[in-house]
2 protein chains.
Amino acid sequence: MLGTMLHATGDIRIEDRPDPQITRPTDAVIRTVATCVCGSDLWPYRGINPVTSPTPIGHEYVGVVEEVGTDVTTIKPGQFVIGSFIASDNTCANCRNGYQTSCLNRDFPNGCQSQYIRVPLADGTLVATPEQPSAELIPSLLALSDVMGTGWYAARAAEVKPGSTVVVVGDGAVGLSGVIAAKEMGAERIVAMSRHASRQKLALQFGATDIVDVRGDEGVARIKEMTGGIGADSVLECVGTNESMLQALRSTRPGGNVGFVGMPHDVNVPAEELFYSHFALRGGPAPVRDYLPDLIQRVLSGRIEPGKVFDLTLPLTEVAEAYKAMDERRAIKALLKP
Amino acid sequence: MLGTMLHATGDIRIEDRPDPQITRPTDAVIRTVATCVCGSDLWPYRGINPVTSPTPIGHEYVGVVEEVGTDVTTIKPGQFVIGSFIASDNTCANCRNGYQTSCLNRDFPNGCQSQYIRVPLADGTLVATPEQPSAELIPSLLALSDVMGTGWYAARAAEVKPGSTVVVVGDGAVGLSGVIAAKEMGAERIVAMSRHASRQKLALQFGATDIVDVRGDEGVARIKEMTGGIGADSVLECVGTNESMLQALRSTRPGGNVGFVGMPHDVNVPAEELFYSHFALRGGPAPVRDYLPDLIQRVLSGRIEPGKVFDLTLPLTEVAEAYKAMDERRAIKALLKP
């Protein structure tokens with residue numbers, strides 16, 4: 001089969017790879033119908049995370065089940081499935097608490113930018129749609145595998161409630177999905193921080209009520225002006241740098257909540273500032289699995305269209321161009337067709 | 001009048017001081033009935049916070065109103081009152097959100113280890129009891145001015161719920177008050193971390209179900225053993241050192257909550273650990289004012305007895321011995337009678 005390998009900083013290649021096999025009785029093998037490139041794939045691509053040897057890459061996928069292991073009981077060959085980017089048994093104490101990405105038996109589907117994937121813990125990880133979805137729903141269903149679920153978690157971690165004032169820091173696919181989530185949770189005011197016209201436009205389509213096109217101290221000052229001097233109830237940090245974290249923290253009102261889902265890189269949380277500001281901070285890899293049944297319904301009913309974050313579609317064979325376009329910010333997010 | 005001054009590290013003195021006056025129309029002057037020494041007073045006493053010039057000290061008090069400014073409408077001379085250690089107008093946006101210690105007009109009653117005090121923003125800060133309380137209730141009412149309210153906030157920030165498993169890090173007066181709060185909020189299991197027999201005993205009286213007498217990694221391992229390997233739902237950090245913070249964070253289950261009320265000293269919050277562990281962290285100076293009406297009722301009805309944290313009572317003139325006894329951990333908390 002064809003699969004994507006990251007060889008070194010900036011060196012991404014599509015190659016002939018061995019077909020994945022069932023290796024444990026809880027595995028499934030699926031044929032991918034669509035896959036994509038994640039903002040977090042750019043960390044190693046850009047050399048910010050080191051690449052020590054050629055590695056299969058990609059963790060977002062939708063597809064059709066080809067084969068299941070002998071212990072798999074709910075997932076069946078032929079089903080169209082969506083899975084979280086982290087595999088979970090969905091039965092342990094952490095899963096029952098709604099934190100499947102901290103599953104005591106968690107595993108990692110990897111190399112998903114390929115034609116076939118082995119998914120561990122298939123019963124706990126995959127959710128099947130009631131029937132085969134139409135082609136136009138594929139991008140939105142694919143978005144549920146990570147970015148839409150991650151934006152949803154950011155809004156949940158930031159405790160967005162009906163009537164909340166929400167600020168979203170980061171205008172990538174996750175930040176834009178966070179706008180959708182805040183809107184669905186009933187936020188009254190949603191401020192998207194973005195300096196890019198195309199992303200501002202999409203944020204407004206998704207439900208943002210305001211755009212702030214400055215960042216850092218200036219951005220914080222703007223948010224304070226908009227919120228009677230105190231800051232927003234809920235802030236979604238969807239980048240992962242120290243600057244974006246400080247901007248998020250300082251935009252939050254005393255007693256408010258910050259949800260942070262950008263993988264932290266050299267982030268220092270200022271403990272005294274956190275203390276005196278009374279806000280809560282919760283982050284982490286989103287427990288996408290917990291939200292999949294609900295989010296699938298919202299997509300199938302046409303209530304949300306997170307697939308709009310894909311502004312570039314390419315054949316899997318052109319994966320190198322997909323990375324390049326995202327790296328150069330020519331594309332928000334690239335969908336790949338195997 | 002007599003008032004306490006901190007002159008330098010370890011040098012605390014009772015002195016003749018000018019009687020406090022109404023300086024703003026929103027002030028009240030109260031005659032203290034009881035005051036006390038706070039764990040946070042020990043930071044400058046021990047030289048951990050520098051002392052640059054002689055300073056009046058103390059921020060916990062109950063007393064009788066002597067005089068009020070012309071704009072004070074709800075508080076009246078002769079009333080027995082309890083006030084928060086931070087003065088608030090109780091009307092601004094932050095106060096309405098329940099974070100009076102972030103009041104946009106906040107002010108600081110200071111020099112409360114004295115016979116008389118000027119309390120700013122009297123209407124927003126002080127709460128009167130329905131009648132003059134009996135002598136045996138004074139210690140418990142005094143505890144509401146800071147430590148009991150702070151323990152309550154720690155439990156609220158840690159989102160203690162009926163059935164929760166709670167760990168309390170710190171066996172000082174605040175940690176012990178946190179045990180009371182967790183019990184009142186319906187926690188099923190309350191683990192007090194303490195290595196001191198007298199404090200362990202009080203924790204058990206207050207509702208702790210378990211004692212853990214080891215700290216650091218060993219303490220964390222013990223908590224994990226007690227919680228099916230995942231950690232506690234809610235952890236109250238009531239110390240403020242980096243060690244106690246790490247112990248608190250690492251004792252919390254994925255998706256759980258840490259409430260931190262120890263004033264942070266050289267605390268580093270490890271951002272990546274916070275991210276991958278999915279728990280939330282909320283701290284700060286407790287909005288005691290928000291809880292006073294409820295907590296006063298609980299004391300007057302005999303439901304809670306936080307005054308038991310005072311295991312030493314001295315005349316105000318012996319304030320130096322009160323500090324010494326707490327510094328040497330001979331006393332949990334010292335009450336002073338003016």
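Predicted model: local features only at pLDDT ≥ 70, side-chain atom pairs only at ≥ 80, totals over all residues.

Residues are numbered from 1 along each chain as its sequence is written, chains are lettered from A and ligands numbered from 1 in the order in which they are written, and side-chain values use heavy atoms, with hydrogens and water left out.

**How the two copies are related**

- Two copies of a chain are related by a rotation about an axis and a shift along it.

**Where the chains meet**

- In chain A, 35 residues are in contact with 35 residues of chain B (contact means heavy atoms within 4.5 Å).
- Of the interface residues of chain A, 100% are also interface residues in chain B, so the copies meet through the same surface.
- Together the two chains bury about 3,100 Å², with 61% of it on carbon and sulfur atoms (buried area is the accessible area, with a 1.4 Å probe, that two parts lose on being put together, summed over both).
- A:Phe275, A:His278 and A:Arg282 supply 24% of the area that chain A buries against chain B, which is more than any other three residues.
- Which elements of chain A give two or more residues to the side that touches chain B? They are α2 (93-96), β13 (252-260), α10 (271-277) and β14 (280-283) (helices, H or I, have at least four residues and strands, E, at least two; both are DSSP runs numbered from the N terminus).
- β13(A) gives the most to this side, with 6 residues.
- The residues on this side of chain A divide into 20 nonpolar, 11 polar and 4 charged (Ala, Val, Leu, Ile, Met, Phe, Trp, Tyr, Cys and Pro count as nonpolar, Asp, Glu, Lys and Arg as charged, and the others, Gly among them, as polar).

**Strands that pair**

- Strands of a sheet pair through backbone hydrogen bonds, either parallel or antiparallel.
- Between the chains, β14(A) and β14(B) (residues 280-283) pair in the antiparallel sense over 3 bridges (two strands pair if DSSP finds at least two bridges between them).
- In this pairing, A:Ala280 stands opposite B:Arg282 of β14(B).
- Within chain B, 3 strands form an open antiparallel sheet in the order β2-β1-β4.
- β2 (11-16) and β4 (55-56) of chain B stand at the edges with a single partner strand each, so one side of each is left without a neighbour in the sheet.
- β1(B) (residues 2-8) pairs with β2(B) over 6 bridges, and B:Gly3 stands opposite B:Glu15 in β2(B).

**Salt bridges**

- How many salt bridges does the rule find across the interface of chain A and chain B? The count there is 0 (a salt bridge is a side-chain nitrogen of Lys or Arg within 4 Å of a carboxyl oxygen of Asp or Glu).
- Over all chains, a search of the whole structure finds 38 salt bridges.
- One of them joins the side chains of A:Arg298 and A:Asp294, at 3.2 Å from N to O.
- A:Arg298 and A:Asp294 are separated by about one helical turn, because they are 4 residues apart in helix α11 (residues 288-300) of chain A.
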